[in-house]
Each structure stands twice: as C-alpha cells, then as structure tokens.
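Trainee: Hi, could you walk me through a bit of this model?
Mentor: Happy to, let's take a look together.
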Amino acid sequence: MKLEDELAPLILKELGSATGGRAPAEALPLLSHVLQETWKEREGLQLTVSGYLATGGITKAVATTAEKVYGRLNAVGQEAVRLMLPRLVRVSEDAADTAQPVEWPVLLHGVSDDAVARDAIKRFADARLLTLDRDTVRISHEALLRAWPQLEQWVDEDRDLLRARQQLASDATGWEQSERDSSLLYRGNRLVAMRERTAAPGAPPLSSVSAQFMESSWRQHTREGRRRRATFTFFVVLALLATTGLVGAGIYWRRADQAQQRDLARYLAAEAEGQRELHPGLAKQLSLLSYGINPEAGRSALLNSQRTPGVINGDEPAYDLSYSANGRVLAISTGDSIVLRTPNGDGRIGGILSGPIAVAADGTVLAAATYDSDDSTSTIVRLWDVSDPSRPRKLAAPTTSDAVTALVFGTDGDTLFAGTSAGEIRRWDTGEPAAPHTLPPLRGNGKQIDSLAVSPKRGLLASASVDGRVQLWKATGTKPVATLHAAPYTSYSDEHMRPLHRIAFDSSGGLLAAPAEEPKKKDTFASSDDLALWTLDDPRAPRQVVAADKGVSSGSSRCFDSVTSMAFASKSKRIVASCGVSWKVWIYTYGTVAVLPGASNTGDGLNGGVALFAPGNAEQLLKATNRGVEVWDLSNGAQPGALGFIPPTPGTGGQLSLAMSGKKLLLTYQGVGTNWLRDLNLRHLQSNALVSTDAPDMFSGQDIALSPDGKLLADTEVYKQGKQTYANLFLRSTASPKQKLGMINVDNGVGALAFSPTKPLLAVSDYNGVVASNPKPQVVRLYDIADPRHPQHISTIKTTGYGLGFSPDGRSLVMNESAQGKKKTDRPTAGPLVRSWNVDDPAHPSASWSVRLPTGTDFAHFAFRPDGKLFALYDDTGMLRLWDVRRDRLVGSPVKVSIGSLGGALAFSPDGTRIALIAYNEDNGDNGSRPEVWDVSDSASPTRQFYMPTASAFYSLAFTPDSKILAVVRASAGVDLWDADPQHVITDLCNAVGDPISEQDWKKYLPDRPYQPPCQ
C-alpha cells in the first residue's frame, strides 16, 4: 500500500483540528475510520488525496458513512434506528456523552418490525459503526457521537428520558447494594415523575433491579398515602363531629376515598399500557380493573384494549392447537409438553418433544407425533386417555420411519391419520386405542404432506402437500376421488417448524377451503392470502366457487407469508386464515359466491401458528403464538367491537345519510358503482335493501342525502340516452324508491347536497372533484322541491361549495367556498372561506358571516348543533373550533381543540351533547385513522369520551335519531354500527379475556384487595 505524498500531512492537519488536542483515544477511532473509507476509494494500491476527500475527510467520514447506511434504509428501518441508537448512549451533565452496551431485548423494545430493526443494526455493524456481541450491541467508537449530527440531535431530543433512566438505574443499584434500604426509595413528586417517564408508550423495559425498585417505591407510596389519608380523615372527622356533625364528616371521608381510588385507577392504567405489547392479556385485565375503579381515569386504557387479545397459557409458546369437536378439551403443544384445558380441570403431559397433535371428537383420546431427540429420524405417535385431564394415561405408541407432519382423527374417532414427509398418509384403526391396528397407507400426494382435514359429516378426508396439491378421499377408501390445486407452502422462516392446517371443511362437509393458487390470468393481482372455496355436492367433481382470479381476496389487509391454517365457523358463515403473525376472516353469509372480507389483525411481531374457532362458539377465535394462545372476540366478524355491520363495500369517499320515515329508520350510502337505500332494523341489527341505483365515479357524484322527514332520496345516477352515458341528480320517494320522481341537470357533477330542515328546498353544489374537468362555471343552486316531480331552480350562488349545510332553523346555508381559477404562485395564499348565506328569501340569498381558514388549510367540515346555538368547524389540519351562535351569527372567539394531524368528517348527536368525528394521527398506529366521540355538553371544555379501532380510512359518519348508535363508513369494508356508550366495550373485552390475572400479579398490583379477577 502506498500513500500519495500530500495525503499524510493533510490527514494529520485535519486530525489535529478535529480533535483539538484531545487524547489519542479520541483521535485514533477517527483516523481508523477515515483510513478504512479511503481504502475503499483507492487507486490500485495507492491511497490518494482525492479518495480521502471523497470520504468527507476526518471531520465528515464517520457522518458520511452513517448517513449512507441510514439513507439506504426504508421508512420502517429509519424509524427503528431513531428509536434504538440513543439507547446506546450514556448522557452526562458536565462531561461528554459516552457509549454504553445495551442488551438486544432492551434495544429492540418498541420497534414496529423486529426483523427490519435487526437488519438495520447489522448494516451499521457491517459499516463498523456498531459492534455486535453475543448478547449486546454497542457503538464501535465514540467518535460517532460527535461526528454524526443526526445522532447528536436524537440524543438531545431524548436527553431528559435517557438521563432519568440512568439516574433510576444508579439509584436502584444503590438501593440493592444497601440491602434494599427503604429510606432510599422514591417518594412524592419524584416517584410520580419517574413513573410517567418509564411507563411512556414505546419506552424500553426496565432492568430487573430498576423494576423492583420502582415497584417497591410505589408500594411504599401507596401505604404512606393510605396512612396520611387515614390520619387526616380521622382529625377531619373529629373536627366535623364537633362542628357540622356526621353529614359533613361523611362528605370529607368520601372525597378522601375518591382521591385514593382515582390514584389507584391511574396507576393500573399506566401499568396496562406498559404491559400491552408483551403481556396483552394482563394489560386487558388491568384496564378493566382501572375502569371499574374510576371510569374517568381508566377510560383510555379500556378503549386501547379494544384490539388487545386475551391470552391462555401465556408463559409458554403454542406450537399447535387441537380442540375436540364437542368443545370439551383444548390441547396446546408447547414443544416440550402438551397442556390440556377443560371446564372440569386442567392437565399437562411433560417430558416429550411434540410435533402435530390431535384430539378425538369426544375429547377422550389425545394423539401426538413425538420424538426422542432433535436428531430422531423416526416418529413415535403416542396416544393418551385424557378422560381425566389431570391424570393422562398412556395407551399406545406406534412408530413410523418418516417424520409426521400432520395428524387428525376420523370423525368417529376410530381412525387416526398421519401425513408424513414422504408424501404418504399412515393410518391406524383406533377403535381400541390401547391397541391400535396399522392400516395400509394412502398414497397420491407425492410431496410432503403439510395438512390433513376430516369432514364432520359425509366421511371425507382431504390432504394437502407443500406443492399445493389437494387430494380428496373417502375416509374409508384407498384412492383419491378428486385432485384440486391450492397455493404451495413456501415459507420456512420459523426456527421451530409449526404444524400446518391449510385446508378445512365446514360442518356439513359440503365446503372445502384452502389458500388459492395464483390466478392463471397474468393481469390479475393475487396475494398469498387469497381464498379458494369448493362446493362438494359431488365429491368426485368439486366445483370451485371462489378463487383469486374471481376477485375475492382478503380485502385491504394483506399477508406477505404463506397461509398456515384455515378454519370454519359454519354457524356464523365465517372462515379464518392464519398467516405468520396475522389472521383474517372471510364472511360468506350471502352465499358462497359472494364472500366478503371481514375482520383481520396484522400481528405484533410474534411468530404465529394455527388459528381456529372454539367449537360451537364462532365469537371466540384462538391464535397460537410464541407467548401463549391469543383469544380474540369476534362477536362481529366484520369489525370486532361493533354492534353491527352492513357489508356492501363503499365507494371511494362514500357518504351516508340517516333519517326516520315514519317508524322506519332509513340509511343511504354510496357503494362501488351503486347507491344504496336500506331499511335499518336496530333491534336485530339487520338491514334490508330497498333500492340500488347505478352510481358514477366519485368525481361526478360526491354526495347522497335523505330529506329530514325521510320521504325523499337525492342521489347522483348514471343513465343512458341512445349511445351516450350521462350522470345527473335524481329525486326518489323512499316509499316507492324504485320509481324516479324528478331529475336535476348538473353541468359538472354533484359535489355536495343539503336539504333544508324547514322548507321544501334543496341546495346543490355543481362541481366536479377534478377541477380541470369542469366544463361550466362551478356554482351552488337552490331548488324548490315542493313538487319533487318538477323541481324548480330558484337561485344561483356563484361559488364552489365543497360542503353544504343548513342551520337548524333553515335561515342560513353554510358552505366551504374555494376561489375559482386559483393560480399557482410562490407567495403565501389565504385559506378558503367558510361562508354563511341568508336564505330567508331563497330566491335572493345574501352573504352573511364568514370565517377565513388559516393559510395552508384546504377545506373544513362543519355542523350545527341541533338547537342551532353551537357551530363546529373541523379543518384538515385536525383543529376543531367551536363557536356560540346568536341571531344567526358566530359570537366571540372559538374554543380550539387540536384533535390530530388531519381532520375528517364530523356530526353532532341529535341530543346535542356529543360530536363524532374522524381523527387522523400518527400516534393511532400504522393506519392512523379512527372515529372518535367527544363530549361537548360543556362546549367550553370538550373532552374525548370514546374512540373506535383504527383502519386505513373512514369516509363519513352519522348518529341514529336516538343518539345511541353511530354509523361509520369504513373504507374497503362497509358501514359499521357502534354503540356510542363506552360501557359496552366491557362485554366485548370479557368475551375474550383469556386466563384470569394470576394471584401473584394481583398481589403485585392490588395487594390490599381480595382476589377478584374481572369478568368473573
């Protein structure tokens, strides 16, 4: 290796300037790194000045390398690096920050994708910026702390949190070394402040000593608080007895107790959030306990539990699950044991290495493929009598020379089928399970068999191999009666290969489900989680009714791994598929040719296995994970937690409208190419389609409306005249909706609609969503619809109305206006106007008040409270403003509430006490959008009362006339019906609570209360 003559002096000069004469320990890492990077830019074997300068030199080489690595990461990787790297730094008050090693679990805590985060760390290590030890990660040389501005900025942003955690670790160590001297524990405000920092969402877990230190501090604080309150209350009582008597004493006593309960509820809520990721079942129950003690303090934790599962056997992994058909026995394979759960007691079979397991239909016999060691080449299929699960009794142990990859009992329990790695199906007659008799094997799959399924009726057996071939057999036959084709299994990323259950029969034996193979049409998009469904009216000629190339898939939630299991809940017409850490549901209530995507969960990073419904209970879904069995409530298969669901998928931006027509509750909304009018039965949570009309795209028809009395429907419809296709606004009577009453011609399209609540008046915004496509000026027109067969145009307002709404007294028409023909400019431009027009004389509307939206705002949604005394404006920056209204004008300055980063639709409840709105916030999760309900009974101090789970998008919402139910249009799904009272959430959470909180955990969190788990 050679150095260009000018290179060495240049390096030494810059090195001296960069280090400022500091110790060699500071200089050498910089020198080492820059020489390494210069070597990559060498010319032959010579290090050159140009190569050195290309690295950024001494002052920039480290930063340049770090920026290159960071810039090549995707958004998820960059987010993980932002979270992890500051944890590798020990901050100091009066000295330079230093590097510190951090254990992998602590480093990775809170990242959204464990694998992406590990890959990002590896890339930094490959660039010699980080060093990976067996259990820890550390910064390779501390020059990175000062040479990379981005890391310095992150550390500065997190400095308070990092300093607090370091101080906690130091104090906890001192407490431990002093034999846990109670005088060293935190107290008062210091304890409260430290708890808030350490329990913040995304904060890494504490070390064992720090966690014990905080727990002991909190217990002492609780005890001392009780003593202080008791002492205070005692003297207060004495004083009150001497002055005001027992009534006043009771008031003070009650207030002291309420303060104690509120503190306890806040503590449990904070603990719930800290446990939610790693121990979701515990978090769910702490949330329920918190809400039960003090609803105000526990409400947020309770609502956050809506998408939190319960957990069964959470201390161990679940590699396979099997339920007896009668629902009596649940068997869980943990890999080295089998756990038995029954209503009459539990049991365990230990000391085995277990693969697939199966429970006979009557729950009396358990079979498991077991191995003597990891290197075993043969399989022992063990059978136990589990009539008494607390005392499993060995029955028999036949062997096979090949690995057993799937296991299932015949319907009557007299035959045991075992799929093997050789592609055969081994069989045993288990009529006498203590002495099973070997039957001839079944051959026909060729490749390794990964799944077996037996039909509950009709005596059918299905086998699937890893290449996607599915064979259909008569359970008593020896040759397949039909061959089908499903998706191959291609994922083997899990270290411990889980048993697969990729095919399933419904309860009648007339339907078979499997993951769909890729469509034959090259222009058809398909994912690895699409559904294939066959009817088996004639098992020799199965008919495929659902496939990927027929447009039926998992909807908006996609899977990026092979399907691992399929299962039916035939009574409720549901199919669930498991895919890695995810699961998703299809609903086929409306016939097998109209399968709809239902609920789904994308998982939280845990490796996952089989998902199945509890026998006879389609409302409970079980999912095997690395930390036990998750239990999910699917009372509503389309949207867990919702009261009801109306399935036709909405169009993009689809709007809805609700109104009473006599005793009927009508709902209308925009579907994909279809406008729907439905009669909604809230008692049975069902809807009946009254009419559907052909709808244009979202740019030609962006609104739909029912008149306040429910007698008229206004919608944009597509129709033909000769060879030409047109879109215009039509009026229909809801009493006879199949007949058109009148038509209103529009020049551009229907942008917005509003019926007057007091007059036969309809306002129509005539504009197209794609401005460039407006052939005529954009205007708002008013029509007299006293005779809906002949609507009369009475006036025009020359402006664009991006939203229309009448005041409750009908005197004002409010619209979100936008200047027409706005030209692009480099200068800041004023935001659009929200303007009110007086329409006492609708033939001559006149401008009234207006509100200018802030610069950078494009639009706002708005609504009047039903009494007309409050006006709400919710703009696209997520700011909600509330004005008092007097004499048709806004009064004073508005009350402002920042809801999120982007605003959406909003609606008042008919009783005027609440506002429902669509909130967008990055803190809401990956999807970021959720409906929220705010209490505005005190309009000067709005408070969030309730929120629903997030989704990719919501378009519109409205309360029912009794204010009890909120209808929400969810993208790519349908209309969800929600109980607007958060109290109903408790029932849903208890439906899938999992194992009750342990007595040990109870004593930890509620040491002075008798053991009483929630939901029992």
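Trainee: Is strand β32 mostly enclosed or open, and why?
Mentor: Six of the six residues of β32 (residues 582-587) are buried, so the strand is largely enclosed by the rest of the structure. Buried means under 20% relative accessible area with a 1.4 Å probe, protein chains only, and strands are DSSP runs of E, at least two residues, numbered from the N terminus.
Trainee: Which residues cover each face?
Mentor: Ser582, Lys584 and Trp586 are buried on one side, and Trp583, Val585 and Ile587 are buried on the other.
Trainee: How far can I trust this, by the way?
Mentor: It is a predicted model, where local features need pLDDT of at least 70, side-chain atom pairs count only at pLDDT 80 or more, and totals for chains, interfaces and linings use all residues. Residues are numbered from 1 along each chain as its sequence is written, and side-chain values use heavy atoms, with hydrogens and water left out.
Trainee: How many bridges join β31 to β32?
Mentor: Six, and the two strands run antiparallel; pairing requires that DSSP finds at least two bridges between two strands. Cys579 stands opposite Ser582 in β32. β31 and β32 form a hairpin with two residues between them, and Gly580 in the turn has a positive phi of about 60°.
Trainee: And what about β33?
Mentor: β33 (residues 596-601) pairs with β32 over four bridges, in the antiparallel sense. There, Ser600 is the bridge partner of Lys584.
Trainee: New topic: what is the strand order in the open sheet?
Mentor: Its four strands follow the order β8-β36-β35-β34, with antiparallel pairing. β8 and β34 stand at the edges with a single partner strand each, so one side of each is left without a neighbour in the sheet.

Notes
Buried < 20%, exposed > 50% of the residue type's maximum accessible area, 1.4 Å probe, protein only.
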